[in-house]
Amino acid sequence: MAKHPYKSLPEHCFWRDSVAKPLPAGVDPVVRAKFTITPTDKVVTAGSCFAQHIARRLQREGFNYFVSEAAHPLFSPALAAEYGYGVFSARYGNIYTSRQLVQTLQRAYGLFTPREQFWLNPDGRIIDPFRPQIQPNGFPSMAEFEADRFQHFAAIRRLVEECDVFVFTLGLTEGWFSREDGAAYPLCPGVAGGTFDSNKYKFLNLDVGEVISDLRWAFHFLWSKNPKARAVLTVSPVPLAATAIDQSVIVSTTYSKSVLRVAADEIARQYNNVAYFPSYEIIAGSFNRGAYFAQDLRSVTEAGVSHVMQLFMKYYGAKPEQAAAPNGAPQNTDVALQRLVQQQSEEIQAAAQVICDEEILAQRG
Amino acid sequence: MLDAYLNEVMKGLPLVSKFTGQSPMRRPKVFGIGFSHLAAVFHAQNHRVHYARHTFDMTVLTPEQDERFRPFESLVDGRPKFHEDFQPYLAEQIANQEPDFVFGSLWGNQNFVLSTTKNLRSFDFILPNEPACERIADAQLIPFEMMKALITVYFQKVDFLLQGLKSLTKAPIILAPAPPPMEEFSAISDPRLNAQVEQFGIADPVLRYKFWKLCEEIYQEKAVAHGVTLLPVPPESHAAEGFRRPEYFGPDWLHANVAYGELVLKQLDQIIGGTRQSEVA
């Protein structure tokens, strides 16, 4: 029998054995990890809406999920989420494009100041063009908007400088930009604030060279501030909700995901400390026959997220010998503080209540 | 300025509220309901009665103090549930009293809960209408409306009580705000506060002011939503910075004294028209 290179290839190289034959839940396109994440490694997330699933599961799976802009422990998780806390490691909202990632870092470090700093709604509310949905109806005053942004940028700087692993999910290539200075908006102006004006804003569909260039800049900047940081790149499997190009949204989605996938591969091959994790393939792969998309054929089901995270844990999670941190599990200081603050609040309330109950009887002229 | 305000709010009152056509000897009947800040008004009214200077008759109901209604408010599945025996009791009281006015002191300690002692994680927020108000250094900035959402939960009993009252009487309802906050506590010796302060330290005074203003906004919104009148805080009671003047300090760090209660009675006099009636009598 003739010899050829395929003879010696492992099972995962063959479609029939690794994709068609196993049950969908058993399909494993990861194969190997460039590095593992220990329980003490600070993991941060950013990216498109699929990254929210990753962020949520990382917290649940026991990773040391690093949040540099957390809600105050006084607030319930539900209320905090309404105000954009806990969704990602900082309160930046969805970062859909590579250009947004670059500019978010630049803005946090004072390297780029967009000419258009805010949108003023007719009702006087202030909208942050770069995170227009970070809190309901924007900011009630310019003072709060500016102070909050100052605090937000400090939180970004902290996570850049302290993280061990940066997980970034690439979402889109299509985006809207300022004609004046190229500022990249997460949403088309006019959708969640601002007013659309074709003289001020332009549509761009980033090509693969632009995305690669953006990612190179972002990682070099990250390493200039934090040389030890490693990164995991993923591509969101969520199709475009709409395309600004006059063609089928399916065609636009394929272009966008292809560009992002190629760019992620290029970067992961170029840098040893950047890995590509195939969440796109797990969710969008034909092996699951669409089972990982909900009825709208866009939203990712919990089963799909579970498949992704199970493989993430398998390859990137701590091995048994690494599982125990020097002093046991990493201390979640936020949870501990939250308990203390809640206890404090209850104590002061109780004290005030006692006084109120007695007041009518106790007070004398 | 206060007169202008009161004239304005009186515009909306039905004529019967001014007791036109009634006997000059008849004093208006006021049904007071509320929480601990009602005490200052109640005791001031007692002073007036003692010296026969009262311009209206007043009975007072403080549901949280009544053993029969404890706990007056409890959280069930995250929502407030009120004592089921209270509403029938309130109905009976209103039927017996047939008040001409209802006076509510329904704002309790909401503004003090988070602004008395230092928080383990220092925080601050910016009042939209007073953006230049002092900021607390190195404190975590919390979105104003996020804080408002948190504090609004504590005001749900105001909705409950106003709904209950409005279903039982057509008498005009007049609300009073809680007294302005105190800038410092050193003038007050309160063992319960001392224990808290020893443990956590005293919160920045500006935080007490901001919480008071936040609560005032919520209370005002409640008043508008229920179509009732909210008295302004008596202007004599606070300094320019918004803190309560020492002459109105009560026996603890929460409450005002009888002198403050008298200021509120004077506001009521103007609305009810009792002063004029008294003079006629």
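Guide: Helices (H or I, at least four residues) and strands (E, at least two) are DSSP runs, numbered from the N terminus. The model is predicted, so local features need pLDDT of at least 70 and side-chain atom pairs pLDDT 80 or more, while totals for chains, interfaces and linings use all residues. Residues are numbered from 1 along each chain as written, chains are lettered from A, and side-chain values use heavy atoms, without hydrogens and water.

Visitor: Why are H6(A) and H7(A) called oblique to each other?
Guide: The axes of H6 (residues 208–225) and H7 (residues 249–270), both of chain A, cross at roughly 40° and come within 9 Å. Angles under 35 degrees count as roughly parallel, over 145 as roughly antiparallel, 65 to 115 as roughly perpendicular, and the rest as oblique. H6(A) and H7(A) are therefore oblique.

Visitor: Which residues of H6(A) and H7(A) make the contact?
Guide: Contact means heavy atoms within 4.5 Å. Among those on H6(A) are Val208(A), Leu215(A) and Phe219(A), and H7(A) brings residues including Val259(A), Ala263(A) and Ile267(A).

Visitor: What makes Phe219(A) count as buried?
Guide: Buried means under 20% relative accessible area, exposed over 50%, and partly exposed in between (1.4 Å probe, protein chains only). Phe219(A) has 1% relative accessibility, so it counts as buried. Leaving out residues up to four places away in sequence, Phe219(A) touches Phe166(A), Ala231(A), Leu233(A), Ile267(A) and Val274(A).

Visitor: And why is Gln117(A) called partly exposed?
Guide: Gln117(A) has a relative accessible area of 22%, so it is partly exposed. Gln117(A) is found in the loop between helix H4 (98–108) and strand S3 (119–120) of chain A. Not counting residues up to four places away in sequence, Gln117(A) touches Pro129(A), Phe145(A) and Arg149(A).

Visitor: Which residues touch the most other members of the largest nonpolar core?
Guide: A nonpolar core is a set of buried Ala, Val, Leu, Ile, Met, Phe, Trp, Tyr and Cys residues joined through side-chain atoms within 4.5 Å. The largest has 81 residues, and Ile33(B), Phe103(B) and Met147(B) touch the most other members. Helix H7 (residues 205–226) of chain B gives the most to this core, with ten residues. A second, separate core of 46 residues includes Phe219(A).

Terms used: Axes fitted to C-alpha atoms, helices over the stretch in contact; angles between N-to-C directions.
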